[in-house]
Amino acid sequence: VLAWQLTAGQRDYAALTLQVFECEAHDPVAHALLNHAVSELALHLQALDATHRLPVCLAGSVALRLAPRLHAHWQARWVTPEGDAMAGALQLIHAPAGAKD
């Protein structure tokens, strides 16, 4: 495991995580891991928007599988991404300095 993690990338970890989803129905440890992941995701959302007014946009196979497990107040603000990470980076590059949405 230690050797694997030295070279593992985002896709490797996501593939491993998808196996946890597959085992959840019959494995209490997998179920607990996913509940913990949802709790952590909610903590991140709370830290990013304590006012609960901003839209919630999640992307990636793991986040999209966790999203339906989030509390209803997060799900009510869920929006579909308008592009991928590269599109967002390009939008920031081309925005005038100091511009705010």
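Tutor: Histidine 52 counts as partly exposed, because its relative accessibility is 28%; buried means under 20% relative accessible area, exposed over 50%, and partly exposed in between, with a 1.4 Å probe and protein chains only. The residue sits in the loop between α3 and α4, where helices (H or I, at least four residues) and strands (E, at least two) are DSSP runs, numbered from the N terminus. Although histidine 52 is not a glycine, its phi is positive, about 60°.

The model is predicted: local features need pLDDT of at least 70, side-chain atom pairs count only at pLDDT 80 or more, and totals for chains, interfaces and linings use all residues. Residues are numbered from 1 along each chain as its sequence is written, and side-chain values use heavy atoms, with hydrogens and water left out. The mean pLDDT (the predictor's confidence in each residue, from 0 to 100) is 90 for the protein, with 96% of residues at 70 or more. Confidence is highest in α3, at a mean of 95, and lowest in α6, at 88.

Aspartate 49 belongs to the loop between α3 and α4 as well. Its relative accessible area is 7%, so aspartate 49 is buried. A polar atom of its side chain lies 2.7 Å from the backbone nitrogen of leucine 54. Neighbours within four places in sequence aside, aspartate 49 is in contact (heavy atoms within 4.5 Å) with Leu54, Trp74 and Arg77.

With neighbours within four places left aside, its contacts are Val20, Phe21, Glu24, Leu66 and Arg69. Glutamate 24 lies in the loop between α2 (10-23) and α3 (28-48), and its 16% relative accessibility is why it counts as buried. The side chain of glutamate 24 makes a polar contact of 2.6 Å with that of arginine 69; a polar contact is a pair of N or O atoms within 3.5 Å, where within protein one must be able to donate a hydrogen and the other to accept it, and residues adjacent in sequence count only if both atoms are side-chain atoms. Valine 20, in helix α2, is partly exposed, with a relative accessible area of 21%. Beyond four places in sequence, valine 20 is in contact with Ala30, Leu33 and Leu34. Its C-alpha atom is separated by 26 Å from that of alanine 85, 65 residues apart along the chain.

Helix α6 (residues 85-94) presents another picture. Among its 10 residues, the count of buried residues is zero. Aspartate 84 caps the N-terminal end of α6, with a side-chain oxygen 3.2 Å from the backbone nitrogen of methionine 86.
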